[in-house]
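Student: Could you zoom in on one part of this model for me, and then tell me how the rest of the chain looks around it? I'd like the details with their cut-offs, please.

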Amino acid sequence: MERDGANKSLWQKNVDNYVSIGNVDHNFIYDVIIVGGGITGLTTALLLQHAGKKCLLAESHSIGFGTTGGTTAHLNTFFDTPYNKVIKDFGLEKAKLLSKGAAAAIALIKQNIHQYDIDCEFSELEGYLFSTNEKQDKELDEIVDAAKTLRVDVEYCNNLPVDIPYLKCATFAHQAQFNPIKYIFALAKAFEDLGGCICQQHKVTNITNEKDALRIETSRGVFRANNVIYATHIPPGVNLLHFRCAPYRSYAMAVKLKDDKYPQALAYDMFDPYHYYRTQKVDDEYYLIVGGEDHKTGHEENTDACFRRLESHAKSYFNVKEVAYKWSSQYFEPADGLPYIGKLPGTSDNIYVATGFGGNGMIYGTLSAIIFSNILVNGESVYQNLFDPSRLKPIAGFSNFVKEAADVVANLIGGKFSSAKIKQLTDLAAGEAKVVKFEGHTLALYKDENHVLHALNSACTHINCTVSWNATERSWDCPCHGSRFSIDGRVLTAPARKDLEKIDLEEKMKE
């Protein structure tokens, strides 16, 4: 199974890419085309298909390629933006609605597992949130008080399941965990069994309005639909949401323990960024998953150091035998703490989006599917005002900015460059990369394990920000809005829709 980075996640263990039937009809006008093959897209596609809509799911890479393949798969009824903050910023009634949505999302996951007989190691567990200093104590009290106000099942306790010193601890009942790839692969099969169509390796490049339907252009042909849903974690192109969602990288590792003391619970400390812990069984083997060390995408010069710090943290509190898997993944933090789910700002009324999930993608992705199904089948959703993207108001001149900035490729470099001259400028070792100034241009250079130099225009094709090298995932990451590219410039992660420009070297440099 492929993912959007060089490191393999635990979910890729002994798993091949999903093989779709691909019963596509380019002449048919679909009710809904869903863009993106993660938990949001597949849950949405299955709900709509089951409700009688004719749906097609288009995935630019393969099912699970993006964040769903790199999640740590915590299923929570509490969020990174705690209920006390939601009550303060949005009001008590909307906080109640958010709590109701969290429970509905977990209930839908359980229902799907039962209905489609999905073997994905799902288990309901207690979730523990603990403080380690007086400031965190106060924050924990505020979180617990707010949760109780909303009738969330939470209590203080004295039995933290991980051997980490703490001052105060609270336990949330009815939390859960699962294997996300086994789950979404089963959703994909159920969707196809109901007559749905999955098109992998179909990158959506443009959407335009025609007289009778939307025209969806992809890398493998044109489709038409009455509605489109972007379930791509962040919508492609240039949109107001890109300036209201900050991209972050999060790090995780699955470790084997010498003493087999794997906690049967989910646990979270209260640092910023926080650490999180849980146990997962895969192929009859137990692994402790430890996560944390989050930072803004493209803002960490040494991403390998994030793994070293996380490993050191794990070894401080657990009897670690080995690090079996380590990986990182991307999420988008919303400006006001809640995701944006609904009509995509600046587009026609039949184009929808779900983004800004923060670290709660499994829940918000599932809740997005409920919302889209409610809207497209019943005409409205009780949740749509709470998450409405139109709560963001564009600043003056923004529409003109979008028009000028969309899919920036104005500063093409073109021409040929001498690899020998580049070598004089920067002598890279195998596996190293660097952004350099050369003959009036800025180049992104990477030398692979065979000592072949890969040269790219360093300008991100989203809005021309300069990309940064991510050493641990061997990708070029944009620090502005989270676009990510492979060593050959291929788009890995939206919002960019176009690959980085390849620079034509006069010769392949080998040593």
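Tutor: Let's start with strand β24 (residues 484-485), which two bridges join to β25, the two running antiparallel. Strands here are DSSP runs of E with at least two residues, helices are runs of H or I with at least four, and both are numbered from the N terminus; two strands pair if DSSP finds at least two bridges between them. Phe-485 has Val-491 of β25 as its bridge partner. Step back and you see an open, antiparallel sheet of four strands, ordered β22-β23-β24-β25. Its edges are β22 (468-470) and β25 (491-493), each of which pairs on one side only.

A quick word on ground rules. This is a predicted model, so to speak with care: local features need pLDDT of at least 70, side-chain atom pairs count only at pLDDT 80 or more, and totals for chains, interfaces and linings use all residues. Residues are numbered from 1 along each chain as its sequence is written, and side-chain values use heavy atoms, with hydrogens and water left out.

Now over to Lys-256, which sits in strand β11 (residues 245-257). Lys-256 has a relative accessible area of 15%, so it counts as buried (under 20% is buried, over 50% exposed, in between partly exposed; 1.4 Å probe, protein chains only). The side chain of Lys-256 makes a 3.2 Å polar contact with that of Glu-285 (N or O atoms within 3.5 Å; within protein, one able to donate a hydrogen and the other to accept it, with residues adjacent in sequence counting only if both atoms are side-chain atoms). Lys-256 also lies over the face of Tyr-287, 4.7 Å from the ring centre (NZ of Lys or CZ of Arg within 6 Å of the centre and within 35 degrees of the ring normal). Beyond four places in sequence, the residues touched by Lys-256 include Tyr-262, Tyr-286, Asn-319 and Glu-322 (contact means heavy atoms within 4.5 Å).

At 1% relative accessible area, Gln-280 is buried, and a 2.7 Å polar contact links its side chain with that of Arg-278. Leaving out neighbours within four places, its contacts include Leu-10, Trp-11, Glu-285 and Tyr-287.

On to the rings: the structure holds 19 aromatic pairs. One of them is Phe-28 with Tyr-30, edge-to-face at 5.0 Å centre to centre and 80° between the planes. Tyr-268 and Tyr-274 are edge-to-face too, with centres 6.4 Å apart and planes at 65° (rings of Phe, Tyr and Trp, its six-membered ring, pair with centres within 6.5 Å; planes under 30 degrees apart are stacked, over 60 edge-to-face, the rest tilted). Tyr-268 is buried at 5%, whereas Tyr-274 is partly exposed at 23%.

Buried residues make up 58% of the 511.
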